[in-house]
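Please examine the sequence and the three-dimensional structure shown here.

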Amino acid sequence: MKVKMLSRNPDNYVRETKLDLQRVPRNYDPALHPFEPREYVRALNATKLERVFAKPFLASLDGHRDGVNCLAKHPKSLATVLSGACDGEVRIWNLTKRKCIRTIQAHEGFVRGICTRFCGTSFFTVGDDKTVKQWKMDGPSYGEDEEPLHTILGKTVYTGIDHHWKEAIFATCGQQVDIWDEQRTNPICSMTWGFDSISSVKFNPIETFLLGSCASDRNIVLYDMRQATPLKKVILDMRTNTIGWNPMEAFIFTAANEDYNLYTFDMRALDTPIMVHMDHVSAVLDVDYSPTGKEFVSASFDKSIRIFPVDKSRSREVYHTKRMQHVICVKWTSDSKYIMCGSDEMNIRLWKANASEKLGVLTSREKAATDYNQRLKEKFQHHPHIKRISRHRHLPKSIYSQIQEQRIMKEARRRKELNRIKHSKPGSVRIVSEKKKHIVAVVK
Amino acid sequence: MAPRGLRTWGGADWMRAGRLPGVFNPTVGQLRGVCTCVAVRVGLMETAPKPGSDVPPKKDRLQAKRKKPRRYWEEETAPTAAGASPGPPRKQKKNREARPQKPKNAPIQKKSRFPKKPQVPKKSQEWRSPGPQRSLSGAQDPFAGPAPVPVEVVRKFRRIDKSKKLPRSKSKAQSRLDAAEAEEEEISVKAARSELLLAEEPGFLEGEDGEDTARIRQADIAEAVDIASAAKHFDLNLRQFGPYRLNYSRTGRHLALGGRRGHVAALDWVTKKLMCEINVMEAVRDIRFLHSEALLAVAQNRWLHIYDNQGIELHCVRRCDRITRLEFLPFHFLLATASETGFLTYLDVSVGKIVAALNARAGRLDVMTQNPYNAIVHLGHSNGTVSLWSPAVKEPLAKILCHRGGVRAVAVDPTGTHMATSGLDHQLKIFDLRGTFQPLSARTLPQGAGHLAFSQRGLLAAGLGDVVNVWAGPGGAGAPCLERPYLTHRLTGHVHGLQFCPFEDVLGVGHSGGVTSMLAPGAAEPNFDGLESNPYRSRKQRQEWEVKALLEKVPAELICLDPRALAEVDVVSLEQEKKERIERLGYDPEAKAPFQPKPKQKGRSSTASLVKRKKKVMDEEHRDKVRQSLKQQQQQKQEKAKPTGARPSALDRFVR
């Protein structure tokens, strides 16, 4: 007879002293971990906890004496933010202290645009007083006056400005798109296509010679800095307020439109947007990409900001507070963790990009638990109960009722369309997809 | 062989170190004998033969008288070889069998937790192949690449069932699915690799050539195994309060006894420490630990009572009356009770509410078990059927006709694949629970089994009157083979309750003469998971585990036949949704657009050529369709032809 019995030495399983950690032998055999539903319950708990801990609002920076019109990130310092207001005042903020560290009366009338130089030593502002001003990032030393480094007096009002990502070149827009060398007082070249005012211009962060602008005659125009004429343009149903380039994929940009939607385009095929993002209930005023290129944030006239994944048509998050009015500008910080928005009622607000994220240093166990929960949530995200909980957001009454109203309107339009198809000769009514519906034409 | 023997020896010598009388001289040179362990038990004050001596060891005379049970690590050929050819044993073997020993005649020492360095055998030298020649520039790896992993083990860890076909999905979703599958594959390989780290190996019992393991007596097993294991075999002689039901806690550390005449006791059976002992002054039908060893449910004559580990009555559940059997579903915190009145009641013990009370409409219920894989309760009825119940459904999920007479006992194995039933027709049957519910094997027993139990590794125990039989599967896996029993044991009274102890090679039997703890080598899972159920957990660990377990309480509505269905693609509602969407939109957005010929240059884009091209494509599509439908027709024909293939009949000509 050969016999062996299971005989464990307790010393291998019990800690030696009270100061030790408890020993936890693991065996990942699925037979010892029965019940898939247990994972489901864990996912459900994780989803509920995510909603419990969703406290995205971090701080409000107040100090401006008029609505905040534009925001700019510092390219080198995460803690520094610049903002321009409707009374011509520019403020520089320190986010860690949540304080204003410098105030400049830059323009008379609105500060229309603000951008930082790629090295972070200076910044540019344009205002209603037809000037472009360059300022030093550091304040004046003791006894000096607050003076711009350079001032360019233009002929027309400039409505926006953006700096090249690598070279000493910047672009302004107004009646036309001007491209300036920093050293000169005259533009290197100015480009027009039609006779309308252009509301914003943006440099492509990867293909740095490319520019995109949007004009009030409902079109988005793309330029190549190396040639004197614009590349091509796409005409939409309604006016586009601004565009944002994807920092990871050079050919993708998103346009914030007046028709409450955002359109993500592939530059190479402008006739169909890749995705139509619809959730806002009023005009979208600003858009900014996360540095990861996977998501973007949009600011709207409906007093809320929303976060959209690039490949989804619906937003994953909506932020609002009782006191926040029309949001005019929004920025996603360079560490992709925070979002800033400037609104009509003179405040800049700081939000977490991931509402339920825990800030600060995490222990390795915390990190592991978060990762595990995240994976579970992903795995079971389509279960109706979990989906309902994770999608639930409280909305202010104005937005909520607007959504209901628009849903009814949309339903009516769809019903009408269906009836038209039903009662006409088969094939005579063309079905136009939602993506193509809003594109009027592409001109090259 | 050698490493395994050495390891288990190391595991057992903690018990041995202090207890045995000194036999050996502590000098290392004398420890190299062949027969050290046998000598210990016999108690001979002899020294082991020195290597190279021609004299056969004295112990051979003893072995000639009576064949001593040997331990598994002793080489089968060792004694015979010594007897037949008294030449010097081969050096290689001796080296392998030499094992660390502690000086036994030294004063009792504190157990050292660290193996002494010189005692560690240098086995690596033995089996490391010489390998390719090393050069100074860079050694070649003789085992290049990742270590191979056995496919069986990988399959065990795989959670995606690739045999199930999913409907055609969009390319994006498809690529995501493919990525998930590849990831899953990688993970299962990794998990299979990590199995190498498991510390313990399962026990076993093997007879020598032709010896029937069922003939080996418990006393012999107890004598052959180490003291710690031998101490697990004991009898509690409790004739007074007659036949006993018993239950082990989920960690396998605690044992609860309930005697028919009211005796209720709970003890830590490993240390034999009594937690409580009371007499409830009422008949006790069944006893069950709840989620931890701190709570105890007792089905008494009238009502269900819940006691804590001090024996204090916490609750008297009057809504559950005349309970005959109890089952606890640990992940749902449900106590399932079967009553004389024919009701199956689910009591949620975390909130104290009755979740469901189901009328089985089959008279008195006294045969019940749970399927540990999916928490379905199996009830055996007097008409020979076994019905499967979930608290979410008022009707049985399935009814299986198992026996001609009434069903006496039901047991389900921990993986949920096999169900064993025994009936009044003296049959013992094993059913496949994966979908078909077909009997796999059956056997008639002289008396019929009154009680059945499965162990963690698939051993099946049956109580036949005052005899307990244990069957094992071939090679310790799969369905138990009912041809010949693996173990048998006769008790002093009729069996009234059976349960294998989790994580220990022990079978607890309650009978009219008390309680017997039998040794059943190879019954239990050797490696427990510390976060799931840890026999060595401290109080704090138990409390933390309790909180976690309560947070993860699975709702009772999720009990269904296939628990994995929750994490799979719901094809039915997917197709339903698609249909609804098409209806709502008025067209199919995913339909393939009709072919539109591209305009070509240089005048080749005339209307006629366009139509021609269009027609070509359409014809091709049409041909494909016809081909497919032909294929389907052929398949259908073949399927029809199959059943008649076995034996041609005159009536076949009428088959169409």
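The questions below concern the contact between the chains, the packing of helices, the pairing of strands and the record annotations.

This is a predicted model, in which local features need pLDDT of at least 70, side-chain atom pairs count only at pLDDT 80 or more, and totals for chains, interfaces and linings use all residues. Residues are numbered from 1 along each chain as its sequence is written, while chains are lettered from A and ligands numbered from 1 in the order in which they are written.

Q: Which helix of chain A gives the most to the side that touches chain B?
A: Two residues are in contact if their C-beta atoms, placed from the backbone, lie within 7 Å; by this criterion 39 residues of chain A meet 63 residues of chain B. Strand 1 (2-4), helix 1 (36-52) and helix 4 (397-422) of chain A each supply at least two residues of that side of chain A. Helices (H or I, at least four residues) and strands (E, at least two) are DSSP runs, numbered from the N terminus. With eight residues, the greatest contribution comes from helix 1 of chain A.

Q: How many residues of the side of chain A that touches chain B are charged?
A: Ala, Val, Leu, Ile, Met, Phe, Trp, Tyr, Cys and Pro count as nonpolar, Asp, Glu, Lys and Arg as charged, and the others, Gly among them, as polar. On the side of chain A that touches chain B, 21 residues are nonpolar and seven are polar, and the number charged is 11.

Q: Which residue of strand 2 of chain B stands opposite Lys4(A)?
A: Two strands pair if DSSP finds at least two bridges between them. Strand 1 of chain A and strand 2 (residues 204-206) of chain B have three bridges and pair in the antiparallel sense. Opposite Lys4(A) stands Phe204(B).

Q: Are helix 1 and helix 2 of chain A roughly parallel or roughly perpendicular?
A: Helix 1 of chain A packs on helix 2 (residues 364-379) of chain A at an angle of about 105°, with the axes 8 Å apart. Axes are lines fitted to C-alpha atoms, for helices over the stretch in contact, and angles run from 0 to 180 degrees between N-to-C directions. Angles under 35 degrees count as roughly parallel, over 145 as roughly antiparallel, 65 to 115 as roughly perpendicular and the rest as oblique. The two helices of chain A are therefore roughly perpendicular.

Q: Are the residues of strand 4 of chain B buried or exposed?
A: A residue is buried if 20 or more other C-beta atoms lie within 10 Å of its own, exposed if 12 or fewer, and partly exposed in between, with C-beta atoms placed from the backbone. From strand 4 (residues 244-248) of chain B, Tyr244(B), Leu246(B) and Tyr248(B) point one way and Arg245(B) and Asn247(B) the other way. All of these residues are buried.

Q: Which residue is the bridge partner of Arg245(B) in strand 5 of chain B?
A: Strand 4 and strand 5 (residues 254-259) of chain B run antiparallel and are joined by five bridges. They form a hairpin with five residues between them, and Gly252(B) in the turn has a positive phi of about 80°. The bridge partner of Arg245(B) is Gly258(B).

Q: Which residues of chain B does the "domain: BING4 C-terminal" annotation cover?
A: UniProt positions are given in the numbering used here, feature names are shortened, and annotations may be inferred rather than shown by experiment. In the model the span is 16% helix and 28% strand, with its end C-alpha atoms 33 Å apart. According to UniProt (unreviewed entry), the annotation covers residues 485-563 of chain B.
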